[in-house]
Amino acid sequence: MKKIAVFLFLGLVLLSSGLFAIKAGSLSVMDPARPEKVADARSQKLVQAYLATEILKGRFIMTRSQRDKLTDIEHIRYQQVRSGLPVWGGEIVQHVKNGKVLNYDGEYFKIGALDVSPTLTPGQALDALRIFYKDKNLKEDSDQTRLVIFPLGDTDFRLAHKMIVRKAGQPLFNETAFVDAETGKVLLHFSNIIREELTIGLGVGKRGDSMKFPTTLSDNLYYLYDAAKVRPFTQKTWDMKHSYGQTIYISSTANNSWPSDDIVNVHTYIGYAYDFYYLFFGVKGIDNNNRTVNAYAHVFDIGQELYDNAFWNPSTDMYGQGFYFLDPYQSSDDCGAAIDIVGHEYSHAITTFHSDLTYYGESGSLNESFSDIFGTVIEFMFQPEGQGYNKADWIHGEDATAPFSYSQCRSQSDPNSNSQLKNAGYSSSFWYPDPCHISQKIPTLYDSNGKVIDSNNVHLNGTIFPHLFYLLANGGTNKVSRLAVTGIGIQKAAPIFYDAFANRMVASTNFLGAANALLNSAFTLYGSGSTEYAQMKNALRAIGYTVN
Ligand SMILES: [Ca+2]
Ligand SMILES: [Ca+2]
Ligand SMILES: [Zn+2]
């Protein structure tokens, strides 16, 4: 369809200027040598005269007028008509200020003689559309049906029935169609649903907070799937539907409105974790190369893990590499509802693709420590500090529990206040408090089958370095050494820990190696004379190291 920009040629038509070529039979008047030429004051004046004449002939009808508050300009719209029928796409806008016409914009068509009596009735046009859409129950919004003039080409104007049609049970099927009123041919059809590849979902997290997140529209359903549109990595969140061994699904809704569920949190928080690592450290995704991230929520059972838990699976077994959020009994407890847990798992993936700390003994404890530290940092970056749901604190995983509770959660501010062994149901002889000082390191423990517990204390001893971070970032006093540290703030402490863990540690790094890496990082980032370096030393002394 050829539309004609008013400002480009209209005056020239009236001038019949020999300077400009006129394409055979059409109003596509332009200077072939200068097709990009825009309107000047003279051509605008000619548009004004033309429009005045055409209005008198009844070929333009004022449809609406809007005054813009910012500029105090009134924008008056005129619809092109022929024999009382609207011309599809023909509209001129006149801009007026203080009663004076400023200029014009819009498009119109030059139409010769035209028969405006249709051969087909609207009912026959609907029959044609039912064949076209292969749906004998196709319905029209009958109050929207109009006979219009449809410009098919430069010289080809058709009488057409413009109709809005719908399919039963398909709320996202809503199309405008133009049916040739002589032949029954469908001239043009398009969806009235404004669909973009990129869509933004609105949802409610498990603990009642509202969130926005990227989704994808496909076949009338919205999916928790960002195909590298909002963020430069592909993110998919799968709904395991609390069942075992079945086909797995990417979560979807029909209207992009997501009811309260931890799957909403998981999808949103993984995006937040991506943003945090990119904004703070320039890290593009878990592997710094925008690797695809899959998350699996509502997982019923993986092996014998029949309890609410979350983990990072770096291998391709199970359903695939990604983050798993287990919820076998559909209880009100959900790990995915806690931003620090999602941040914790995401940080495990960062570790895999950076230091790759071996998940056993002290290196394993450091792997866990990095995840607790940055799970909490991410919580502080996206939530206000406070107590209760959706608030940032120094406790780990509290939003996973319902009703809200801090008990049975690891604490960074006071690790000794909790005992993971007690929580896990071991007999009282095992009830070591979570350690806050290297003198409190829990020895290797064995279960009744003689098997080493917790991969040689990866979680059990994983509270000392998170407490170190707390002392440096927030400030505080260690319960064992009674040494005080002045806090330098999370914003300054986080780069030290990120640099040490991601850039300096190796698969076999132990606690002492970690202490050395942290000192090196503080020295490199802030200098030997800095407060940050001095407090890093203080904090290491507080948890039991001798530092010169
Ligand atoms: Ca919290
Ligand atoms: Ca927390
Ligand atoms: Zn972990």
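Two residues are in contact if their C-beta atoms, placed from the backbone, lie within 7 Å. The structure is a predicted model, in which local features need pLDDT of at least 70 and side-chain atom pairs count only at pLDDT 80 or more, while totals for chains, interfaces and linings use all residues. Residues are numbered from 1 along each chain as its sequence is written, and chains are lettered from A and ligands numbered from 1 in the order in which they are written.

Figure 1. Apart from residues up to four places away in sequence, G544 touches H437, I438, S439 and S481. G544 is buried, because 21 other C-beta atoms lie within 10 Å. (A residue is buried with 20 or more other C-beta atoms within 10 Å of its own, exposed with 12 or fewer, and partly exposed in between; C-beta atoms are placed from the backbone.) G544 and L483 are 61 residues apart along the chain, and their C-alpha atoms are separated by 9.5 Å.

**Figure 2. The chain as a whole.** The secondary structure comes to 12 helices and 27 strands. Helices (H or I, at least four residues) and strands (E, at least two) are DSSP runs, numbered from the N terminus. Of the 548 residues in the chain, 38% are buried. Among contacts with a separation of 6 or more, 57% join residues 24 or more positions apart.

**Figure 3. The largest nonpolar core, with 84 residues.** A nonpolar core is a set of buried Ala, Val, Leu, Ile, Met, Phe, Trp, Tyr and Cys residues joined through C-beta atoms within 7 Å. The members that touch the most others are A273, F325, L472 and F497. Helix α4 (residues 262-281) supplies the largest share of this core, 10 residues. At least three residues come from each of domain 3 (196-353) and domain 4 (357-548); these domain bounds come from an automatic or database domain assignment. Leaving aside neighbours within four places in sequence, A273 is in contact with V342, G343, Y346 and I378. A second, separate core has 26 residues, including V87, F150, A160 and F178.

**Figure 4. Packing of α4 against helix α5 (residues 339-352).** The two axes come within 9 Å and cross at roughly 55 degrees. Axes are lines fitted to C-alpha atoms, for helices over the stretch in contact, and angles run from 0 to 180 degrees between N-to-C directions. The angle makes α4 oblique to α5. (Angles under 35 degrees count as roughly parallel, over 145 as roughly antiparallel, 65 to 115 as roughly perpendicular and the rest as oblique.) The crossing is right-handed; a crossing is right-handed if the near helix is turned clockwise from the far one by less than a right angle, and left-handed if anticlockwise. Residues making the contact include Y269, A273 and Y277 of α4 and V342, G343 and Y346 of α5.

**Figure 5. Packing of helix α11 (residues 511-526) against helix α12 (residues 531-542).** The axes are 8 Å apart, at an angle of about 165 degrees. This makes α11 roughly antiparallel to α12, and their crossing is right-handed. Y533 lies in helix α12 and is buried, with 20 other C-beta atoms within 10 Å. Not counting residues up to four places away in sequence, Y533 touches A522, F523, Y526, G527 and S528.
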